[in-house]
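I opened the notebook to record what I looked up in this entry. The notes follow in the order I made them.

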Amino acid sequence: MLQQKLHQKQHVRKESFSSIYTSLEKSVLSPVAELRERLGEAVEALGVRGGRIRCNIVRITFSQIFLLLFFIFSSGASNAQDPTFTSVVSTNKLIANTVFEIQFELNNAKGEDFTPPDFTDFKVVGGPSMGSSTMIVNGQVSRSQSWTYSLLATREGHFTIGSANVIAGRRKLATRPIAIEVTSAGHLSQPDPNATGGESIALLADIAEGEYYPGQQIILNYKLLFRENVQSVNLISEDDYADFFIQNFNSISQQSTYETINGVTYTSRVIKSVAMYAHQSGTYTLDPLVIDVGVNAPYPGNQGFFTMRRLRNVQVASPPKTIKVIPLPSPVPDDFSGAVGQYYVTATPGPTQLTTDDDFSLRVEIQGNGDSRRWDPPEPNIDGNFELYDPRINEDIFNESAGNIVHTRTIEYMMIPQSPGEFRVFIPFTFFNPVTKKYETVRSDTSELQVAQGNSFARRSVTDSIQLVPPPPGIVTDIRTDDRFWTSPAHLALFGLVCSGLLFGLFITVKRKRESQIPESEKLRSAAGLHARQQLELLQKMSSQVSDKLFFEKATEIYYKFLSEKFSIPPADLDKEKLEGYLEKASIADTTVQRAVRFFEQCLSVRYGGIPGGYSRDEMISETKQIIDLLGS
């Protein structure tokens, strides 16, 4: 019985050690087969052998297990490598306006507080893109981290990219500086198939050569030239077009063409097309467009049926493009609308047989390819006396036609004839044609109006309407009345009311006569501030119903129209330099001039797609009102 209990006790100890061993194997030793072999060697070194394990197993203490684990991990740690931090570039010799990559890689450590070098001599167009990887080979674990940047070489010369820094454990590591040589590309408009980085892929910015005018449509096409199988194109960076109002083409032809440059044939495709309109004259340089192109990469070795397609990414940039915008020629006609381009006017009149009680409507359509924001509805030409209402814009639409953006504005005019007769009405529109380089005027068809007298008769004098006829015989004409009526309070009140009405009518007549003698330009100047404030108040009431973009655009248009009407500034002259001259000529205080011009410049970004920094909706309205009050006083 005693021997049986001893046997059971030894069996329990054996199972206990087996469970400890199994636990260690699962938690520590199982990932690496080599460690299991070392465990067996260590057990044999401690005297545990074959069939004697049953009696020797009791002698293994916790200190021996600790020594065993220390031996295992110390032997593995002895194979660990020191961390390294290196930098590498895709090329250190390239041509100007070429994109290249620089990568900083940390091996055998986990990095923190990565600090890139100063890329002052280059433009960062991508990155940093970060990556990390862990590999186990023959029981050895290796780690790596990387930070990758895409840089654009903007100018020629010899440059040095400084050191990047990173903290690895308790050590601060730094890369070695890299020398970069940027050489001339010869003719920037011609791709070099042997250019480093771009290889057989190039990107061109295509604009018709010549000089342009403010408000004229400038077509910019970005063409991708390639001799490889392109699978994808992604935009990385482009110019902000701050000096232009732009409209992107929605539909671009997917048809490819072929171009031969320097004896090399490329497949050519337009990947982006933009219509630009310069705000004012000057010389402007567009920054390069940078794209990432995915092309088919070769497969290493044999390919299986389910092998996924491999892509190689190539980043290319277009050369910078310079555009010269010259001022409009002088003298500028008085009726110049501000439009620059080619324009056509058509009109659809309402009924032309009407009375003085009816209103006449004229629907006009003005179509052209210039900047639609530079001109307002033109004034109608009428050879009679009509009461005119403000023209109403019913439609403002843009279409793409024959490689151009065509703007169509539909305007409705309402007018009421003040007297009967035959009248002619037409709409003239004066614009500058950049093709002929002349100011031209187009006009709608003339509408012939036949106006008859309505029920609201024109005013006639008392002597014209009353005929004096001698009384018939026998009728007493000398009628005497009670003199007390003429001196009664009722008669005096009635007499005073009649006199007041006559004086008021005389006052209104004199006022209208004086107003009719005031030139229209002076009337506009006088009413400019009042109209602007009314429109701002209406815009503020409708603020919750419009988007930010539309709100700021409308507020800007109100401010610009006020400046144009208040100081008689043609739309073509509404720029910073000329605005200062007009304000100084009007004897405006210098501080007010500076404030008005500064706000004008801030509004440029609003009018052409942006939002002025620091202004909320209420602040925009408040600032506009304050400047209008200062300029209107």
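Is Cys499 buried, exposed or partly exposed? I find Cys499 partly exposed, because its relative accessible area is 29%. The classes I use are buried for under 20% relative accessible area, exposed for over 50%, and partly exposed in between, with a 1.4 Å probe and protein chains only.

Before going on, I note that this is a predicted model, in which local features need pLDDT of at least 70 and side-chain atom pairs count only at pLDDT 80 or more, while totals for chains, interfaces and linings use all residues. Residues are numbered from 1 along each chain as its sequence is written, and side-chain values use heavy atoms, with hydrogens and water left out.

**Entry: cysteines**

I looked up Cys603 as well; Cys603 is buried, at a relative accessible area of 1%. I then asked for disulfides (a pair of cysteine sulfur atoms within 2.5 Å). The count by this rule is 0.

**Entry: salt bridges**

My criterion is a side-chain nitrogen of Lys or Arg within 4 Å of a carboxyl oxygen of Asp or Glu. The structure has 12 salt bridges.

Lys123 pairs with Asp287, with 3.9 Å between the closest N and O atoms. This pair links distant parts of the chain, 164 residues apart: Lys123 is in strand S5 (residues 123-137), and Asp287 is in the loop between strand S17 (282-286) and strand S18 (290-296). Helices (H or I, at least four residues) and strands (E, at least two) are DSSP runs, numbered from the N terminus. Lys123 is partly exposed at 26% relative accessibility, and Asp287 is partly exposed at 36%.

Asp396 and Arg409 form a salt bridge at 3.0 Å, N to O. Asp396 belongs to strand S27 (residues 392-401) and Arg409 to strand S28 (residues 404-417), 13 residues apart. Asp396 counts as partly exposed because its relative accessible area is 37%, whereas Arg409 is buried at 7%.

Glu623 and Arg595 form a salt bridge at 3.1 Å, N to O. Glu623 is buried, with 14% relative accessible area, and Arg595 is partly exposed at 23%.

**Entry: Arg374**

Arg374 sits in the loop between strand S24 (360-368) and strand S25 (381-382). The Arg374 side chain does reach the backbone oxygen of His279, at 3.2 Å.

I located Lys223 in strand S12 (residues 217-226). Lys223 counts as buried because its relative accessibility is 15%. Its side chain makes a polar contact of 2.7 Å with the side chain of Glu259. A polar contact is a pair of N or O atoms within 3.5 Å; within protein, one must be able to donate a hydrogen and the other to accept it, and residues adjacent in sequence count only if both atoms are side-chain atoms.

Ser268 is in strand S16 (residues 264-278) and is buried at 3% relative accessibility. I also noted the C-alpha to C-alpha distance from Ser268 to Leu204, which is 10.0 Å for a pair 64 residues apart in sequence.

**Entry: nonpolar surface patch**

Leu494, Leu497, Val498 and Leu502 make a nonpolar surface patch of about 430 Å². Patches are made of residues with over 30% relative accessible area and no salt bridge, with like charges joined within 9 Å and nonpolar side chains (Val, Leu, Ile, Met, Phe, Trp, Tyr) within 5 Å. The areas come from the Shrake-Rupley method with a 1.4 Å probe, and for residues only the protein chains shown count as cover. Leu502 lies in helix H7 (residues 489-517) and is exposed at 59% relative accessibility.

**Entry: backbone geometry**

I found a cis peptide bond between Ser330 and Pro331, with omega about 0 degrees. Pro331 is in the loop between strand S20 (321-325) and strand S21 (336-340).

Tyr241 is not a glycine but has a positive phi, near 50 degrees. Tyr241 is buried, with a relative accessible area of 5%. Ala402, in the loop between S27 and S28, also has a positive phi, of about 50 degrees. Ala402 counts as exposed because its relative accessibility is 77%.
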